[in-house]
Amino acid sequence: MRDSLVLQNVCKSFGDKIAVNHISAQIPAGSIYGFLGPNGAGKTTTIRMIMNILMPDSGGISVLGQPPGRVRDQLGYLPEEKGLYKKMKAAELIAYFGQLKGMDRTRARTRAAELLDQFGLEHAADQRCDLLSKGMGQKVQIISTLIHDPDLVILDEPFSGLDPINVETVRAVILDLKRNGKTVIFSTHVMEQAEQICDAILLIHRGEKILDGTIGEIKRSAHHTISLEYDGTPIDLRRIPGVIRVNDMGKAAELSLAGDADRQAIIKTLVAGMTVTAFTVKAPSLHEIFVRHVGESPE
Amino acid sequence: MKRALLVASREFIENVRTKGFWLGIMMLPIMLIMIAVIPIIVESTREPKTFTVIDESGWLLDASLERIALNGPQDRFSYVPADGRDPEALNEAIIRGELFAYFMLGRDPVNDDEGFRYISNNLTNRELSAWFGRHVSAEVRLRRLARENLTEEVANWVTRPIEFEGVQISTDGDEEEVSAQDVVRQWTPVAFVYLLWISILINTQMLLTNTIEEKSNKLIEVLLSSISPVQLMAGKILGIAATGLAIISTWALMALLFFVGLPEFFNIDLPVNLGDILTEPVYIGSFLVYFVLGYLFYAALLVGLGSICNNLKEAQNLMLPVQLVQMIPIFVMVPVGQDPNGVLAKILSFIPPLTPFVMMNRAAGPPSFTEYAITTALLIASIALALWFAAKIFRIGILMSGKPPKLREVLRWLVPARVKLS
């Protein structure tokens, strides 16, 4: 599969602060790719470099097989800080952004109307943007990002600040884009969201790459956890060989296992020592993987 | 370029289609008209000033009143007889506000000046004493002339001052008389400097506000993902320039209507033909050229400045030096207008931030072609430099948040990145 985006040893610093430190990644075309990391990890800086808003200090970036800046019209970008021109009407604003991406006026207007229709906002077309509800405003922003039918869509924290209904809308949009063969990159600090929707991820912390790959690969290579439910007093779970961390909730517990742990032996020890009512062995969540790599929670 | 124009047309349309914008434009001409009309209205509705006279001579008051009646009395002043009241009673009347003032005429005006007094609580407004005094003097003068056996004609002839006739030399060496038209023409550039100054100030201020707003409405990143910072900056500068031209055209149209259309319609003959002066190519041409150049220069400064500020307050602090420079043309407007080709005018013309205003001010001179060529070349070079700086600052500043950077930091953006040696 052709790569939509290739990052090679990309570095960027602001004064003494290193924002992005030798990041490399390959994002295959037609995939949904997550940039994960806590706030301030360097996600937005990386995205800005891909969008040619910032220049990398060193390293190479290739977007859709071209240097960034050459393919601006084929990219759609929704920044984390989202705004609208308050005095413009919704349809006008969307068409304006279409024209800025090189669409001609008539085409931009028809397409704006179609998309508003598709998002159930046909009644808002002639409303001024400052009169739109928050959810409607967010939809208008997303439509503005997609009006020119971009091949690569980059969404910076698209879920932040959305209510559950709008989270669903955005999720549906992302999946729809993938169905149409587009590549979607989005950044988030909420690992659960990424886990549910991404094909592959890049995990960044303090400007450095922690790991990248498909969700499947990452989980297979990661350490497993045992979730168990129990009655009565548990044995000292921390003492069991191969268990590196315990999250005991009183009636249930989660044990993180070392990579070389003997899962069978651990299960036997548990069953022998306490009243286990249920247990599952599973690959860790992305959240768990992040915590293990970084030693702190991403939020 | 196409996308810069797209940005420009959006700016323009957004500005022009609000009602507030047109109200704002109308404010200036309406204010100017009010300043001209209100004093006339106030004057016409004012109560007449009441005065009386204590006449010691016995004849001067009657003679003066007769003269006033002959020469057309004034509505502004109303005479009431003193009715034998003494000064004390009249003073009280002044304190009570019944009287504005009273005059005392001396016992023997033909032979001495003693005993003439003007009593009022308002000595700053001397209209009344000047007007009544003129008539009293005329009567006294007549009698003094008669005593010396002189007629009024002889006296007038003896005392008539010599008047110099104003003549200027036209370019082909002919002498021509100075008419009111010429005087107005000489001072018209000053009006144009005012207009130029206000137009540039308003427009660049608009650009500054607009840039800061753009930063705060969080659309910058989306815009920069579609167009380059230079395109965005150019679009903004162009859009606001178009808005400015709309404002000026509206004013020009209103001025033409007021000074040319109205007199024509009511068939009033003005002593000078303002329409002719206002539409003189050297004025209109200078104005348009210097508006565009002056605007571009200050636009470059302010768009750069606006891009590093997060709100108007921050911008205002940084604006101060620019505003001080912008004040200079107003301070030197009169001296430059009086001597359009003097040393001061010439020196100031070569300072690019002042060139548009000072050269406009000198348009009645007019300056030599060489001066036009050199100052304009200097100005255009400065504009290019300012725009280049602005683009560099805009590119970085527009994405910044937090405290505005120090001057040293900004200067560092202007020089190419240095290799760190460590």
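At roughly what angle do the axes of helix α3 (residues 60-70) of chain B and helix α5 (residues 127-147) of chain B cross, and within what distance do they come?

Reply: This is a predicted model, in which local features need pLDDT of at least 70 and side-chain atom pairs count only at pLDDT 80 or more, while totals for chains, interfaces and linings use all residues. Residues are numbered from 1 along each chain as written, chains are lettered from A and ligands numbered from 1 in written order, and side-chain values use heavy atoms, without hydrogens and water.

The axes of α3(B) and α5(B) cross at roughly 115 degrees and come within 9 Å of each other. Here helices are DSSP runs (H or I, at least four residues) numbered from the N terminus, and axes are lines fitted to C-alpha atoms over the stretch in contact, with angles from 0 to 180 degrees between N-to-C directions. The two helices are therefore roughly perpendicular, a label that covers 65 to 115 degrees, whereas under 35 counts as roughly parallel, over 145 as roughly antiparallel and the rest as oblique. The crossing of α3(B) with α5(B) is right-handed, that is, the near helix is turned clockwise from the far one by less than a right angle.

On the α3(B) side, the contact (heavy atoms within 4.5 Å) is made by B:L60, B:L61, B:A63, B:S64, B:R67 and B:I68, which meet residues of α5(B) including B:W131, B:F132, B:H135, B:E139 and B:R143. By class, this contact has 10 nonpolar, 2 polar and 3 charged residues, where Ala, Val, Leu, Ile, Met, Phe, Trp, Tyr, Cys and Pro are nonpolar, Asp, Glu, Lys and Arg charged, and the others, Gly among them, polar.

Two further pairs in chain B put this one in context. Helix α16 (residues 369-397) and helix α17 (residues 407-414) of chain B have axes that come within 9 Å and cross at roughly 110 degrees, and they are therefore also roughly perpendicular. The crossing of α16(B) and α17(B) is right-handed, and B:W388, B:F389 and B:K392 are among the α16(B) residues that meet B:V410, B:W413 and B:L414 of α17(B). That contact has 7 nonpolar, 1 polar and 1 charged residues.

Helix α7 (residues 180-216) and helix α12 (residues 312-331) of chain B, by contrast, have axes that cross at roughly 165 degrees and come within 12 Å, so these two helices are roughly antiparallel. The contact of α7(B) with α12(B) includes B:W197 and B:L201 of the former and B:M319 and B:M327 of the latter, and by class it has 10 nonpolar, 4 polar and no charged residues.
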